[in-house]
Every structure is written in C-alpha cells, then in structure tokens.
Amino acid sequence: MKMICFRIYASNFTKNYSSALNDYFMIENEEQRAIMHRHALIGRTLLCSLISVSYFDCGIYGLVPFLGSNDFNQTNITSEGIILEYTIPSRCALKYLNAPNMHKIYCFVELLAMLVASTSNYGNDILFLHVALHICGQVKILKSKLINFDVAGPRVYDRFYMLIQKHSHLLKMTKILANAISLILLMQLFVSSILLCIIGFQFILALKVNDITMTLKSFMVLNVFLTQITIYSFVGDYLKSQIEEVGTFIYQSIWYDLPGTLTKNLTFIIMRAQSPVQFQAGNFIVVNLMTYTNILKTSASYLSVLRVMVEP
C-alpha cells in the first residue's frame with residue numbers, strides 16, 4: 001500500500017528531487033556545501049540505522065525457530081510428530097506440503113521474504129526523509145543568508161527579493177512533500193499504534209509465562225516499529241523548528257538598516273514563519289515529537305490496563 005501511494009504521488013517527489021538537483025548546482029560557497037553535506041550525511045545515517053535495525057531484527061527473528069526447545073513445542077496428535085516453528089507463522093499452510101527435511105529451507109525463504117519486505121518498506125521511508133532533510137538544509141542556508149545580509153552592497157532590492165522568493169519556494173516544496181506523504185503517515189501511525197499495543201500485550205504475556213522465544217520475537221517487532229516512528233517524528237519536528245526559526249533570524253538581522261519598502265515585507269515573512277508547513281497524517285495529526293510521546297503514553301496506559309486484567 002505504501003509503494004502504491006508513492007507511485008500515485010510520484011510527481012510530487014519528482015518536483016522535490018528536481019529542486020534538490022538545482023540546489024546543488026547553485027552552491028555559492030563552502031559553508032553552504034558543508035550544510036548540505038551535513039544534512040545528506042544525516043539522511044545516510046538514518047538509512048543505515050533503519051536498515052541495520054530491520055536486518056538485525058529479521059536475522060534474530062529467523063533464528064528464533066531454531067532457538068526454542070522441543071519441550072515447548074506442541075505435539076500434533078494426528079501425526080504424533082512435533083509441529084515445527086517457522087520464521088513467519090505458517091504452520092497451517094506448510095503442514096499440507098508434506099516435504100520432509102524442508103524446515104530449514106522454508107525458514108530461510110521466509111527470512112529472505114522478510115528482508116525484502118523490510119528493504120522496500122524502509123527504502124520508501126528514506127526516499128522522503130532524504131527530501132525532507134534536504135529542505136531543512138536549504139532553510140538553514142536561507143537563515144544564514146538572512147542574518148548575514150549585506151545592506152551596504154549593490155542591488156539590495158534584487159538580492160533581498162531573491163531571498164523572499166527562495167523562502168516561498170521552500171514552503172511550496174514542503175507543502176508538496178507534505179501532501180504526498182499525508183496518507184502514508186496516516187496508515188503508518190495507525191498500523192504502528194495498533195501493533196504497539198498488540199505486540200506489547202504479547203510481550204507482557206510472554207514474560208508472565210517465561211516464554212523466552214516469544215519474548216524475544218515480541219521485543220524485535222517492538223524495536224522495529226518504535227525506531228520507525230521515532231525517525232518520522234524526529235524529522236517532522238526538525239523541519240518544523242527550522243521553518244519557525246526563519247522569523248527569529250530575520251528579527252536578529254540588521255533589518256532596521258533596510259529600506260522602508262523592504263521592511264514592510266519582513267512582517268509577512270515573520271507571520272508566515274509562525275505558521276509553518278508541517279508533516280500531517282491525514283492532514284489532521286501533526287507528526288512531531290509531541291505526537292510521538294502521546295503515542296507512547298497512550299500505548300503504555302493501554303498496556304498497564306491489560307496487565308492488571310491478566311494478573312490473578
């Protein structure tokens with residue numbers, strides 16, 4: 001579903017990537033190059049973190065069927081054999097194949113399927129996270145230009161209007177990206193919130209009965225979803241703070257030395273910065289660190305109630 005949404009809004013991402021390509025051709029000095037390089041490095045770090053966590057969890061998840069003892073496995077009364085565990089719960093489907101000595105091969109194939117699914121899932125996430133971080137870098141460059149604006153240089157009007165147009169362009173690109181990712185964020189937050197509660201409850205039950213295998217599997221799943229939500233919230237909050245700081249940097253600049261006709265425009269820029277474009281799930285849930293903490297609080301409250309209910 002996520003890949004379909006990315007395909008539907010492909011034009012939005014194309015516009016952002018075209019804009020990013022033009023930004024790299026418009027680098028003026030080493031400071032701007034360093035800012036863009038730093039944000040690109042953050043994107044690569046997030047990519048490596050997501051992929052590493054997902055691959056590690058998939059690897060542990062694939063080893064779980066071989067870690068459990070046969071004493072904990074249920075016995076099939078009809079065949080008087082042991083029901084084997086698989087990487088993905090699939091005993092009901094695979095028991096009809098009757099392929100002897102194929103358990104390890106099935107587990108390996110399921111592990112490969114999990115790795116491919118993780119790569120496609122997090123690959124789509126990094127696609128838009130890189131664009132969002134690039135916009136953050138461009139906003140940071142814009143703030144540097146505003147606070148270091150040379151009011152004594154030539155063509156003050158032209159140079160300042162170029163900064164205003166750049167600010168408007170960045171807001172437009174952010175809005176295009178936010179519209180493209182809105183439905184995806186809604187599905188992601190909804191599914192992640194539900195699974196956090198379900199897997200968390202499973203984790204509590206596994207601890208209660210001392211089921212080490214199920215505890216490990218539940219922890220791996222929780223780790224993946226929490227990492228994904230954390231990165232979404234961090235990037236959304238970082239973009240929001242960068243756009244809001246544009247007004248602060250304008251106020252800290254030597255705006256009082258600008259011509260009167262230009263200072264009138266500064267008021268509108270500051271007002272626009274106070275209502276920044278944000279990533280929203282379904283255009284009504286703002287994705288930032290506050291939303292992240294609310295999800296954790298709600299999930300923890302739900303799990304606390306369930307824990308009390310299952311205790312004797």
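Begin by selecting S218, which sits in helix α7, residues 212-252; helices here are DSSP runs of H or I with at least four residues, strands are runs of E with at least two, and both are numbered from the N terminus. The model is predicted, so local features need pLDDT of at least 70 and side-chain atom pairs count only at pLDDT 80 or more, while totals for chains, interfaces and linings use all residues. Residues are numbered from 1 along each chain as its sequence is written, and side-chain values use heavy atoms, with hydrogens and water left out.

S218 has a relative accessible area of 0% and is therefore buried (buried means under 20%, exposed over 50%, partly exposed in between, with a 1.4 Å probe and protein chains only). Leaving aside neighbours within four places in sequence, show I199, Q202 and F203, which are in contact with S218, contact meaning heavy atoms within 4.5 Å.

Next, select helix α6, residues 156-208, and look at I181, where a kink of about 45 degrees is centred; the bend at a residue is the angle between axes fitted to the seven residues ending there and the seven starting there. After α6 comes N210, whose phi is positive, near 60 degrees.

Now turn to the aromatic rings, of which the structure holds four pairs (rings of Phe, Tyr and Trp, the last by its six-membered ring, pair if their centres lie within 6.5 Å; planes under 30 degrees apart count as stacked, over 60 as edge-to-face and the rest as tilted). Select F128 and F279, an edge-to-face pair with 5.6 Å centre to centre and 75 degrees between the planes. F128 lies in helix α5 and F279 in the loop between α8 (260-273) and β3 (280-281), so this pair ties together parts that are 151 residues apart in sequence. F128 is buried at 1% relative accessibility, and F279 is buried at 2%. Another edge-to-face pair to select is F149 and F160, with 5.4 Å centre to centre and 80 degrees between the planes. Because F149 lies in the loop between α5 and α6 and F160 in helix α6, the pair ties together parts that are eleven residues apart in sequence. F149 counts as buried at 9% relative accessibility, as does F160 with a relative accessible area of 4%.
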